[in-house]
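Please summarise the fold, the surface and the model confidence of this protein chain. Then describe the surroundings of one residue in its first part.

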Amino acid sequence: MVIAVEKGLDAMKSYLSERGFQVVDLDSSQVFDAAVYENLSFFNIPTPNQVTAKAGTGQAGTFLVCARGKTPQEVETMLRQKAYGNLF
């Protein structure tokens with residue numbers, strides 16, 4: 001899974017890379033599966049593959065994770081489960 005991480009979140013980048021994720025800068029032109037950000041507005045997140053679903057792939061689009069107030073471990077769990085948390 002390719003994870004794009006906002007510049008300045010160096011500890012998050014290192015942690016996710018150590019946990020086996022392929023990590024790229026959020027402002028790169030590379031296509032990614034998920035974006036981790038903290039200080040950007042949702043509408044200012046650069047997404048070369050867009051947040052919308054990719055037709056015919058069975059994928060729902062880019063998974064967005066706001067890391068503000070979350071530990072690297074919590075972000076990793078969200079990425080692996082592709083869920084923001086328990087509903088109940």
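The briefing below covers the overall fold, one lysine and the confidence values.

This is a predicted model, in which local features need pLDDT of at least 70, side-chain atom pairs count only at pLDDT 80 or more, and totals for chains, interfaces and linings use all residues. Residues are numbered from 1 along each chain as its sequence is written, and side-chain values use heavy atoms, leaving out hydrogens and water.

**Fold and surface**
- The protein chain has two helices and four strands, taken as DSSP runs (helices H or I, at least four residues; strands E, at least two) numbered from the N terminus.
- Their order along the sequence is β-α-β-β-β-α.
- Of the 88 residues, 35% are buried (under 20% relative accessible area, 1.4 Å probe, protein chains only).
- Contacts (heavy atoms within 4.5 Å) between residues at least 6 apart in sequence join residues at least 24 apart in 45% of cases.
- Carbon and sulfur atoms account for 51% of an accessible surface of about 5,500 Å² (Shrake-Rupley method, 1.4 Å probe).

**Lys 13**
- Lys 13 lies in helix H1 (residues 10-18) and is buried, at a relative accessible area of 16%.
- Its side chain makes a polar contact with the side chain of Asp 25 at 2.5 Å (a pair of N or O atoms within 3.5 Å, one able to donate a hydrogen and the other to accept it).
- Beyond neighbours within four places in sequence, Lys 13 is in contact with Val 5, Glu 6, Lys 7, Val 23 and Asp 25.

**Confidence**
- Mean pLDDT (the predictor's confidence in each residue, from 0 to 100) is 83 for the protein chain, and 76% of its residues reach 70 or more.
- Among the elements, H1 has the highest mean pLDDT (97) and strand E4 (residues 63-66) the lowest (90).
- Where pLDDT is low, the predicted coordinates should not be read in detail.

How values were computed: Buried means under 20% relative accessible area, exposed over 50%, partly exposed in between (1.4 Å probe, protein chains only).
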